[in-house]
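Subject: Structure for your files

Hello,

Here is the structure you asked about, with notes on what turned up in it. Please look it over alongside the text below.

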Amino acid sequence: MLRSVVLDMLSEFLMVEQGGFQLYRTALARCSTPELKARYTEFLEETARHRELLMGVIRQLGGDPSYVSPTARLAQFKTSKLLEAALVVDGLSQAEVELSDLENVLLAETKDHADWSLLQRLLEQTGQSGADRADQVDPDTLQAALRPAVAEVEPEEDQHLEWARDMQAQLALRLATLGPAPSPERWQSRISTPDVPIESVNPRPIRQGLLEHAGDPQWQPSEIVRATAAPTPP
Ligand SMILES: [Fe+2]
Ligand SMILES: [Fe+2]
C-alpha cells in the first residue's frame, strides 16, 4: 500500500466524519421528534469517536491528523453545501425540515459507510505492494493501526446508514399518509409580494413544451469537438 495515498485518504475520511458531526449537530438542534433526537444524540457521539479513531490511525502511520489532503478539502466543500442546504428551508413545514435534515444525514452516511467499507477491504489486502517501493506502508503497522478501528466502527456504520435510509422512508410515508399537509399559501407568504408574482420566482420546469432536438446528427462529432479539433493540413 502506498503510504502517501493511504494518508491522503485517511485525511479525507476524517473530514467526512467531521462533516457528519456538524450535520448531526445541525439536525439535532432543530429536531422535535423524540425518536430522531435519541438516534442523533447516539450517532453524534459515535461519530466523534470515529474521528478520534481515525486520528489515532493517522498518527500510528506517522502522519499528522491536522494535515488536510486535497481530497479532504473537496469533502469539506461537499459538506459545506449540505450545511448550506440545511439553511435554505424557507417555506418548509417542521416535518419537511426534519425530513430534509435526515436526507442530508443519509447522504453523509452513505459516504461515511463507503469509507469504512474501503478501509475494511484495504485491511484485507495489506501486504500487496505497488510500484513505488520507497513509499510503502509497513504491512504490520497498517494492520495494527487499522484492525481495531475497523472492527469497532464498521458495524456502527452499517447501523448508521441502514437507520437513516429506513427512517427517511418511514417519516416520508408518515407525512404522506397522516400529514400535516402544509398550507397552500406557504410559498406566497414567504417569497411573493404584490410586485413579485409566484410564477416569476418559482416557474414551472418546462414553460414552452419539450426541449428542442439537437441540430446535429448523432454520428457526427458535436460542434464543440469540431471547433477544438486541430485544423487539417491543406
Ligand atoms: Fe462514522
Ligand atoms: Fe456514520
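Is W163 buried or exposed? This is a predicted model, and in it W163 is buried, with a relative accessible area of 12%.

Aromatic pairs

Searching the whole structure gives four aromatic pairs. In one of them, the ring centres of Y24 and F43 are 6.3 Å apart and the planes stand at 65°, so this pair is edge-to-face. Y24 belongs to helix α1 (residues 3-29) and F43 to helix α2, so the contact ties together parts 19 residues apart in sequence. Y24 and F43 are both buried. F43 also makes an edge-to-face pair with W163, at 5.6 Å centre to centre and 80° between the planes. Since W163 lies in helix α5 (residues 139-178) and F43 in helix α2, that pair ties together parts 120 residues apart in sequence. The relative accessible area of F43 is 0%. Ring pairs join Y24, Y40, F43 and W163 into a cluster.

H50 is in helix α2 (residues 34-60) and D112 in helix α4 (residues 94-124), so the two tie together parts 62 residues apart in sequence. H50 and D112 are both buried.

One further contact

The charged end of R51 sits over the F21 ring, 4.3 Å from the ring centre.

Regards

Key
Residues numbered from 1 in each chain as written. Chains lettered and ligands numbered in written order. Predicted model: local features only at pLDDT ≥ 70, side-chain atom pairs only at ≥ 80, totals over all residues. Heavy atoms only, no water. Helix = DSSP H or I, 4+ residues; strand = E, 2+ residues; numbered from the N terminus. Buried < 20%, exposed > 50% of the residue type's maximum accessible area, 1.4 Å probe, protein only. Phe/Tyr/Trp six-rings, centres within 6.5 Å; stacked < 30°, edge-to-face > 60°. Lys NZ or Arg CZ within 6 Å of the ring centre and 35° of its normal.
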